[in-house]
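Open the structure in your viewer and keep the selection panel at hand. We will go stop by stop, with something to select at each one.

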Amino acid sequence: MELLSLLAYGDTGWGDELLRGLGVTLAIAFTTAPFALLFSFLIAWGKAVKNPVIRVFSNGYTTIFRSLPELLTLLIIYYQLQSIINAVIHLVFPDVNVSLNAFAAGVLALTLVFSALGSEVVRSAYQAVGKGQAEAAAALGLNRRHSFFRIVLPQMWRHCVPAFGNLWLILLKDTALVSVIAISDLVRYANMAIATTKEPFFFYSVLAIIFIILAFLSSLVQTHIERRTSANLQGGR
Amino acid sequence: MLSHLTDNIDLWVEGLTNTVSLTLLGVIFGFLVALPIAAARLSKSSILSRAAYSYVYLVRGTPLLVQIFLIYYGLGQFHSELKGMGLWWFFRDAFYCGLTAFVLNSAAYQAEILRGGILAVPKGAIEAGTALGLTKLQIFRKIILPITMGRMLPAFGNEFVLLLKASALISIITVRDVMGQARFLYAQNFDLSVYYIAALNYLIIVLLIEALWRKLESRNVWLHYAGGR
């Protein structure tokens with residue numbers, strides 16, 4: 001009971017701080033997801049084109065960001081981007097130093113990692129739909145843009161959704177890493193609370209429970225989307 | 001850039017040793033813990049299978065970082081009790097705590113891989129074993145296990161790579177693995193190239209694992225086995 005009062009909302013407890021942290025965590029995940037989705041398609045497209053430069057770049061991009069630990073990618077992006085930005089600014093204003101927004105660095109790093117993972121999902125979904133569909137569209141006289149957006153893409157979603165759902169869960173968990181680059185997310189607020197209250201076991205358990213709830217809610221949404229995207233495959237009743 | 005590699009070669013070797021041993025120990029002990037979990041998951045007793053499923057769900061639903069913190073800092077809170085049980089030397093050490101987290105984490109993922117592999121064994125193969133008069137244990141050892149292991153191979157390689165990447169998290173609780181050495185050296189000279197050296201290390205290990213796995217998979221007879229015809 002004493003422990004639970006530590007979660008009180010307001011000045012006496014840490015409930016409001018944790019909620020604010022949760023907001024930041026969710027904001028990172030929700031900002032990253034659309035960018036990662038978009039780049040997944042771009043990189044997957046890059047792997048399928050004839051131009052060897054684009055193809056090698058896309059394959060290298062996937063290999064690198066799939067192989068590096070997320071934490072390392074995050075730190076490299078955070079520090080390297082900062083020094084690049086400062087170098088560019090020094091060309092114009094020699095004595096101005098800016099510090100990069102950690103939130104932006106976190107979103108960028110997670111976008112790189114998850115677009116590399118997502119591009120593989122998109123690629124296999126494209127293969128799962130099969131060449132026949134695109135060929136049929138071409139035979140009907142649709143141009144390539146129409147054929148992709150009207151015929152192939154709608155059928156790809158069904159194959160994408162389970163794997164993207166999985167990636168979303170991994171993304172949610174990986175947001176915990178951004179606390180390392182001084183973003184005030186859930187984990188960082190929990191660490192602050194622990195520094196004051198000396199109750200690490202309790203606060204980390206609370207974090208675990210929050211993440212479990214997020215995972216559970218996500219799986220509900222995913223089931224709903226899966227049912228909708230495969231609606232055409234369910235028999236009439 | 002290379003001076004950071006050559007001047008501190010002993011640090012990098014130490015880091016590499018830590019990273020590789022953490023990953024290998026994590027995967028191997030994780031597999032040993034995964035076996036009973038997968039068995040419980042497939043058992044007919046609903047209590048057992050539910051307990052195993054809850055474990056898998058809990059572990060897979062929470063960030064590994066939180067699990068590491070929970071074991072390293074969280075259990076540290078109970079140090080007098082742990083001292084009483086004679087376990088404090090183990091939970092005092094960041095390396096062992098990290099390893100414990102990796103083993104428990106990897107076990108949950110590997111248990112699901114195992115379960116999928118066992119469920120994918122064609123029924124005909126098991127029936128054939130029964131028809132030949134093999135005992136249940138023989139069927140498991142001589143039919144189910146080889147086919148499952150073969151089927152599991154790609155997912156198992158994946159898990160290997162994932163755990164290698166995850167092992168970098170142990171640097172947060174002060175263990176000097178490859179990532180930890182990079183952070184240590186960066187704090188000393190603020191030269192970003194140490195992170196690129198670390199990145200190269202990870203990239204090479206991952207490519208080696210993938211090459212090894214391609215070789216294993218090309219030799220594997222059971223990978224595409226779909227039952228007799």
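**Stop 1: B:Gln110**

Select B:Gln110, which sits in helix α7 (residues 94-119) of chain B. Keep in mind that this is a predicted model. Is B:Gln110 buried or exposed? Count C-beta neighbours inside 10 Å: B:Gln110 has 24, so it counts as buried. The cut-off for buried is 20 or more.

Now show what B:Gln110 touches. Leave aside neighbours within four places in sequence, and the contacts are B:Gly30, B:Phe31, B:Ala34 and B:Glu159. B:Gln110 and B:Val33 are 77 residues apart in sequence, yet their C-alpha atoms are 8.9 Å apart in space.

**Stop 2: B:Gly26**

Move to B:Gly26, in helix α2 of chain B. B:Gly26 is buried, with 27 other C-beta atoms within 10 Å. Which residues does B:Gly26 touch, not counting those up to four places away in sequence? Select B:Leu99, B:Phe102, B:Val103, B:Ser106, B:Leu163 and B:Ser167.

Pick B:Leu163 from that set and draw a distance line between C-alpha atoms. B:Leu163 and B:Gly26 lie 137 residues apart along the chain, but 7.6 Å separates their C-alpha atoms.

**Stop 3: two crossing helices**

Two packed helices are described by the angle between their axes and the distance between the axes.

**Stop 4: the whole of chain B**

Zoom out and colour chain B by secondary structure. You will find 11 helices and zero strands. Along its principal axes, the C-alpha trace of chain B spans about 70 × 45 × 25 Å. Buried residues make up 37% of its 229 residues.

**Stop 5: where the chains touch**

Show both chains. The contact takes 24 residues from chain B and 26 residues from chain A. On the chain B side, the elements giving two or more residues are α3 (46-61), α4 (64-76) and α11 (193-219). Which one gives the most? Select α4(B), with seven residues. By class, this side of chain B has 18 nonpolar, five polar and one charged residues.

**Stop 6**

Hide chain B and look at chain A. Chain A has nine helices and zero strands. Why does it count as more spread out than a compact globule? The globule rule gives 18 Å for 237 residues, but the radius of gyration of chain A is 22 Å, well over that value. The C-alpha trace of chain A spans about 70 × 65 × 25 Å along its principal axes.

Buried residues make up 34% of the 237 residues in chain A. Among contacts between residues at least 6 apart in sequence, 71% join residues at least 24 apart.

**Stop 7: helix α3 of chain A**

Select helix α3 (residues 52-67) of chain A. Highlight its buried residues: A:Ser58, A:Thr62, A:Phe65 and A:Ser67.

What covers them? The cover includes α2 (15-48), α4 (70-92) and α5 (102-129) of chain A. Bring chain B back too: its α11 is also part of this cover.

**Stop 8: the nonpolar core**

Finish at the largest nonpolar core, with 108 residues. Select A:Leu72, A:Ala190, A:Leu207, B:Leu65 and B:Val66, which touch the most other members. The element that gives the most to this core is α5(A), with 13 residues.

End on A:Ala190. Leaving aside neighbours within four places in sequence, A:Ala190 is in contact with A:Leu18, A:Phe203, A:Tyr204 and A:Leu207.

Key. Residues numbered from 1 in each chain as written. Chains lettered and ligands numbered in written order. Predicted model: local features only at pLDDT ≥ 70, side-chain atom pairs only at ≥ 80, totals over all residues. Contact = placed C-beta atoms within 7 Å. Helix = DSSP H or I, 4+ residues; strand = E, 2+ residues; numbered from the N terminus. Nonpolar A, V, L, I, M, F, W, Y, C, P; charged D, E, K, R; others polar. Rg over C-alpha atoms; globule rule 2.2 N^0.38 Å. Buried ≥ 20, exposed ≤ 12 C-beta atoms within 10 Å, placed from the backbone. Expected span 1.5 Å × (residues − 1). Core = buried A, V, L, I, M, F, W, Y, C linked by C-beta atoms within 7 Å.
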